[in-house]
Amino acid sequence: MTSLVDRTSAATVLARCDALAVCSEHPEHLDRAHLTPALAAAHRLVEPWMAEAGLRTWRDQAGNLCGRVEGREPGLPALLLGSHLDTVPDAGRYDGMLGVLLAVAVVERLRDRWADLPFALEVVGFTDEEGSRFGSALMGSRALAGTWDDAWWDRRDADGVTLADAARAFGLDPDLVGTAARRREDLVGYLEAHIEQGPHLEEADRSLGVVTTIAGAERFVVEVVGEARHAGGTPYARRRDALVGAAEVITFVERTARASGAIATVGRIDVEPGAVNVVPGRAVMTLDLRAATDAERDAMRATLLAGIEELCAARGLTVHVTTTHAAPATPCAPWLRDAVRAGVVATGDAAPIELWSRAGHDGMAVAAVTDVAMLFVRCHDGISHHPDEAVREVDVAAALDAFTAAVLAVADDVAARA
């Protein structure tokens with residue numbers, strides 16, 4: 001049987017990440033989507049690890065894997081620790097999973113302190129953070145936060161399976177999804193450790209970072225409409241080429257966002273009619289916009305949309321913009337952020353670096369029901385959502401120490417306010 005010391009080491013956390021990477025829908029790469037057999041296999045691995053750490057485990061009716069240990073008395077509000085267990089297609093093995101397994105290790109490290117804690121500890125392995133199967137991210141954490149939308153049940157995956165049918169096949173009862181929701185008074189806060197998914201810690205030669213806020217994001221579909229005509233017979237002066245207009249839009253978006261603090265990305269473009277000898281009459285592209293604050297995001301949105309209209313009008317094109325996703329920025333709660341900072345200081349970093357998260361996380365949803373904060377862990381070259389995701393054992397060891405110290409700092413704060 002694995003010893004307690006081994007189970008709370010960085011090496012064990014990394015070995016467990018490797019073991020989880022085998023739970024995949026694809027034989028050649030990691031692909032573990034919401035409510036799939038691969039996710040069920042991941043639960044079968046993680047649940048015994050939770051139990052070994054002393055957690056009482058259950059799976060809620062949204063598909064999240066949960067565990068709890070009591071504090072100095074039964075029934076106290078809980079400090080949530082966790083991240084997600086689902087992945088994007090062709091994923092790396094640390095995005096999400098590292099945070100869940102660090103949380104399990106922290107709970108076990110604190111075994112001798114449970115009876116002194118002024119709160120219970122819970123670990124949550126969220127599902128559907130990525131949204132890769134049904135196109136609506138954060139469904140697991142939104143269920144926990146009580147912001148579930150019943151309209152999601154009718155969503156279908158690429159094979160035509162509805163979310164409701166997938167839930168039933170996974171052993172869930174859609175009518176009971178509301179039981180996954182937590183009450184504000186039953187929670188102390190939420191802490192998450194996560195790989196940075198960016199290069200800033202590596203460039204600064206730091207193992208860890210304190211997250212200040214999670215990006216406010218919006219996504220759009222931009223439709224550029226011109227006129228499809230014969231490629232040989234239509235002079236340039238008579239053309240209303242939707243693809244050329246879209247190309248100008250793409251370079252304008254990058255140039256404008258690059259000069260600001262925001263990030264804007266055109267990730268996909270489809271062209272019609274798509275024939276080699278036809279001037280394109282329609283181009284439809286996606287636009288992803290993120291910034292540290294809602295004010296910065298909104299200002300960039302206004303600049304981009306006005307510029308897109310102007311560029312298209314100059315070419316005789318019309319443009320239609322549809323918003324497909326909007327999420328406000330999520331500032332980390334100052335008192336929890338201070339606890340995370342204290343955790344990093346406890347590892348020997350006297351002046352922790354602060355970063356805003358360009359990527360979205362479950363904390364964005366959990367913030368609807370309790371305060372949140374995050375710890376970033378250095379990852380090689382900032383690579384994420386790719387098999388080349390990599391972390392160093394020394395950084396994971398620092399994260400484990402910092403995360404443990406952060407929980408104890410939260411305990412001190414809660415006890416002082418009691």
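User: In this predicted model, in which hand does H8 pass H9, right or left?

Analyst: The crossing is right-handed.

User: What makes H8 roughly antiparallel to H9?

Analyst: Start with the angle. The axes of helix H8 (residues 242-258) and helix H9 (residues 294-314) cross at roughly 150 degrees. Angles over 145 degrees count as roughly antiparallel. Therefore H8 is roughly antiparallel to H9. The two axes also come within 10 Å.

User: Which residues make the contact?

Analyst: H8 gives Glu248, Val249, Phe252, Val253, Thr256 and Ala257. H9 gives Met300, Thr303, Leu304, Gly307, Ile308, Leu311 and Cys312. By class, the contact has nine nonpolar, three polar and one charged residues. Gly counts as polar here.

User: What makes a space a cavity and not a pocket?

Analyst: In a cavity, a 1.4 Å probe fits but cannot get out, whereas a pocket is open. The structure holds one cavity of 30 Å³ or more. The largest cavity has a volume of about 40 Å³.

User: Which residues line the largest cavity, and how many are charged?

Analyst: The lining is His34, Leu35, Gln61, Ala62, Trp148, Trp153, Leu163, Ala167 and Leu172. Seven are nonpolar, two polar and none charged. Asp, Glu, Lys and Arg are the charged class.

User: How many charged residues line the second largest pocket?

Analyst: Six are charged, with six nonpolar and two polar. The pocket has 14 lining residues. Trp58, Arg68, Glu122, Arg182 and Asp186 lie nearest its centre. Its space is about 160 Å³.

Technical notes:
Residues numbered from 1 in each chain as written. Predicted model: local features only at pLDDT ≥ 70, side-chain atom pairs only at ≥ 80, totals over all residues. Heavy atoms only, no water. 1 Å grid on protein atoms, 1.4 Å probe; cavity = no way out; pocket = protein on both sides within 12 Å on 5 of 7 lines; lining within 4 Å. Points joined across faces, edges and corners; volume = space filled by probe spheres on them. Axes fitted to C-alpha atoms, helices over the stretch in contact; angles between N-to-C directions. Helix = DSSP H or I, 4+ residues; strand = E, 2+ residues; numbered from the N terminus. Parallel < 35°, antiparallel > 145°, perpendicular 65-115°, else oblique. Left-handed = near helix turned anticlockwise from the far one by under 90°. Contact = heavy atoms within 4.5 Å.
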